[in-house]
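Please find below a colleague's note on the model under review. The points concern how the chains are arranged and how they meet.

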Protein chains: 2
Amino acid sequence: MPKFMDVHRGFVGATAEQLQAAHEADQKIEAEEGVHFERAWLDPESGHVFCLSTAPSAEAVQKVHERAGHPADEVHRVDVEVV
Amino acid sequence: MPKFMDVHRGFVGATAEQLQAAHEADQKIEAEEGVHFERAWLDPESGHVFCLSTAPSAEAVQKVHERAGHPADEVHRVDVEVV
């Protein structure tokens, strides 16, 4: 299953609780689109959120975020991962 | 130790081997700046690379990338992470 990294902007000053709530809203419906969000990271200063997921397509990732009320600004299919 | 997500643009068409080589170039010198790069992801279509690290500062992350010859376009301190 392909992996995706999506980027949200505009979360300036967001808290850990707010990120957790947004992430849980995604996770509650993700299975309906075949998506799984693995991890998410927030930079509260710049307002960027990065979400790592596995999904059938970028459209599926975006659909979950849209349904949860926080569409992503960018969705990247990250076909290569190194450790 | 704080975590960071940095973003590079311009890797359009890069290969897994090229990402691996860039990542290894970082890892070879990272300890000298107190940085550890955990994982990196490449979207070869848009040319974005995302690197997750632990480091003492954003400047230290950027210093490793600069010394390795591929400065980041953005370095974000991601103080919040959810799973």
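Predicted model: local features only at pLDDT ≥ 70, side-chain atom pairs only at ≥ 80, totals over all residues.

The numbered points below take up symmetry, the interface, and selected contacts.

1. Symmetry. Chain B is superposed on chain A by a rotation of 180° with 0.0 Å of shift along the axis, the RMSD being 0.0 Å. This is the relation of a two-fold axis. Within chain B, the residue whose C-alpha comes closest to the rotation axis is Phe50(B), at 4.7 Å.

2. Extent of the interface. Contacts involve 28 residues of chain B and 28 residues of chain A. Because 100% of the interface residues of chain B are also interface residues in chain A, the copies meet through the same surface. About 2,500 Å² is buried between the two chains, and carbon and sulfur atoms give 61% of that area.

3. Polar and charged contacts across the interface. Between chain B and chain A there are 14 residue pairs in polar contact, both partners having pLDDT 80 or more. Two salt bridges are also found across this interface. In a salt bridge between the chains, the side chain of Glu81(B) meets that of Arg39(A), with an N to O distance of 2.6 Å.

4. Elements that build the contact surface. Which elements of chain B each supply at least two residues of the side that touches chain A? They are strand S1 (3-8), helix H1 (16-29), strand S2 (36-43), strand S3 (48-54), strand S4 (74-77) and strand S5 (80-82). S2(B) gives the most to this side, with six residues. By residue class, the side of chain B that touches chain A divides into 14 nonpolar, six polar and eight charged residues.

5. Strand pairing between chains. Strand S5 (residues 80-82) of chain A is joined to S2(B) by three bridges, and the two strands run antiparallel. In this pairing, Glu81(A) stands opposite Trp41(B), a residue of S2(B).

6. Salt bridges overall. Over all chains, the count of salt bridges comes to 16. One bridge within chain A joins the side chains of Glu81(A) and Lys3(A), at 3.0 Å from N to O. This pair links distant parts of the chain, since Glu81(A) lies in strand S5 and Lys3(A) in strand S1 (residues 3-8), 78 residues apart.

7. Position 81 in summary. Glu81(A) stands opposite Trp41(B) and forms a salt bridge with Lys3(A). In the other chain, Glu81(B) forms a salt bridge with Arg39(A).

Methods. Residues numbered from 1 in each chain as written. Chains lettered and ligands numbered in written order. Heavy atoms only, no water. Least-squares fit on C-alpha atoms with pLDDT ≥ 70 in both. Contact = heavy atoms within 4.5 Å. Buried area = accessible area lost by both parts, 1.4 Å probe. Salt bridge = Lys/Arg side-chain N within 4 Å of Asp/Glu carboxyl O. Polar contact = N/O pair within 3.5 Å; in protein donor to acceptor, adjacent residues only side chain to side chain. Helix = DSSP H or I, 4+ residues; strand = E, 2+ residues; numbered from the N terminus. Nonpolar A, V, L, I, M, F, W, Y, C, P; charged D, E, K, R; others polar. Pairing = 2+ DSSP bridges.
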